[in-house]
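Subject: Structure handover

Hello,

Here is the structure I said I would pass on. My notes on one helix and on the cavities follow below it.

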Amino acid sequence: MNEVVLQLTGVRKHFGSLVAVDALDLQLRTGEFLTFLGPSGSGKTTTLMMVAGLQRPDAGSIRLNGASVAQLPPYRRDIGMVFQHYALFPHMTVRRNVAFPLEMRGMGKAEIGRHVDEALRLVGLPEHGDRLPKQLSGGQQQRVALARAMVYRPALLLMDEPLGALDRKLREQLQLEIKRVHRESGISVLYVTHDQEEALTMSDRIAVFNHGRIEQIGTPEELYDRPATRFVAGFIGDTNFLSGRVLGTSDGICEIETAAGRVQSAAGQGLVAGGEASVAVRPERVILSLRDDGPGLRGNVSDVIYLGNARKYAVRLSDGGECFVLRQASAPAPERVGQDVLLSWEPRYALAFPF
């Protein structure tokens with residue numbers, strides 16, 4: 001994945017006074033699965049639409065395989081697209097739906113047959129070619145839409161919230177299916193979602209959008225374990241935030257005085273002694289123990305939530321704040337509601353950001 005298939009440089013898009021995308025730079029490598037993740041209105045879908053040619057940027061360049069596509073209409077950009085709504089032709093069989101892009105390109109019947117067979121095999125529907133869309137489940141229809149978008153082997157595949165209309169269990173199944181199809185086909189994918197788990201499950205890299213800009217781009221592990229900003233730490237996964245004052249920093253570890261106790265964490269950029277800071281720590285990184293005189297935060301268990309594979313503890317801190325702890329259900333559970341407890345963690349598993 002060394003060659004660049006898509007490059008955006010200084011891309012901007014305004015809608016009146018609203019800045020939808022602001023000076024965006026981005027590269028997508030050949031064979032990579034890159035996901036745009038962010039809240040509604042953050043600019044991720046607008047960026048996708050500009051790549052597709054359905055929106056025109058106000059400034060900047062978009063290059064596909066080194067060539068500018070600024071003046072090309074969508075149908076000449078060598079890009080496949082899958083939407084949340086399947087947009088299948090209801091009167092056509094599955095084979096005809098998948099064959100349609102090839103027929104529009106004037107491909108011969110025998111060659112179309114080979115490509116359609118391969119596409120249906122890839123999405124796990126080789127025996128469904130003669131069915132109509134109404135005879136398929138929602139997940140099967142989305143697979144047909146995926147096969148149709150990939151059948152002519154475009155340089156780039158765009159996917160805009162393709163699983164948003166499906167129930168949770170089917171969504172999780174198709175996440176793995178799409179990941180498998182991507183791996184077997186080697187096609188480059190640009191994927192848009194607001195679902196954090198979906199992004200973490202499927203992506204090689206994730207670009208986190210906020211107010212038209214990319215806050216951070218990296219692997220799922222980098223974004224989850226080493227968020228660059230407080231926004232990324234709060235948007236991806238569950239996070240506890242604790243406010244306090246920086247006492248000092250040494251060897252990348254800072255000590256912070258909070259209203260509920262003194263804690264340590266990895267030091268983010270821009271921290272200064274005496275300044276205000278916010279400490280982010282994941283619930284699964286917090287150690288819950290019966291209260292003693294050791295360092296940490298003192299509190300009282302206010303609730304225990306059974307999640308099946310884990311227990312989630314809500315702890316009311318001595319300053320009135322709340323912190324959550326996640327433990328595997330197989331772990332011993334001596335703590336109960338009303339129990340006085342101590343919360344601690346290894347400093348490297350927490351990260352402090354300046355306020």
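α5 (168-185) is a helix of 18 residues that reaches 26 Å from its first C-alpha to its last, close to the 26 Å expected at 1.5 Å a residue. The expected span is 1.5 Å times one less than the number of residues. Helices here are DSSP runs of H or I with at least four residues, strands are runs of E with at least two, and both are numbered from the N terminus.

This is a predicted model, in which local features need pLDDT of at least 70 and side-chain atom pairs count only at pLDDT 80 or more, while totals for chains, interfaces and linings use all residues. Residues are numbered from 1 along each chain as its sequence is written, and side-chain values use heavy atoms, with hydrogens and water left out.

After α5 comes Gly186, which has a positive phi near 75°.

Now the cavities. A search of the whole structure finds two of 30 Å³ or more. A cavity is a set of points on a 1 Å grid over the protein atoms alone where a 1.4 Å probe fits but cannot get out, and lining residues have an atom within 4 Å of a point. Points are joined across faces, edges and corners, and the volume is the space filled by probe spheres set on them.

The largest cavity has a volume of about 70 Å³. Its lining includes Val82, Val123, Gln142 and Glu177. α5 gives the most to this lining, with five residues. By class, the lining has eight nonpolar, one polar and three charged residues. Asp, Glu, Lys and Arg count as charged, Ala, Val, Leu, Ile, Met, Phe, Trp, Tyr, Cys and Pro as nonpolar, and the others, Gly among them, as polar.

The second largest cavity has a volume of about 30 Å³. α5 again gives the most to the lining, here with four residues, and α4 and β7 (156-160) each supply at least two. This lining has eight nonpolar, two polar and no charged residues.

Regards

Definitions and conventions
On a 1 Å grid over the protein atoms alone, a cavity is a set of points where a 1.4 Å probe fits but cannot get out, and a pocket is an open set with protein on both sides within 12 Å along at least five of seven lines; lining residues have an atom within 4 Å of a point.
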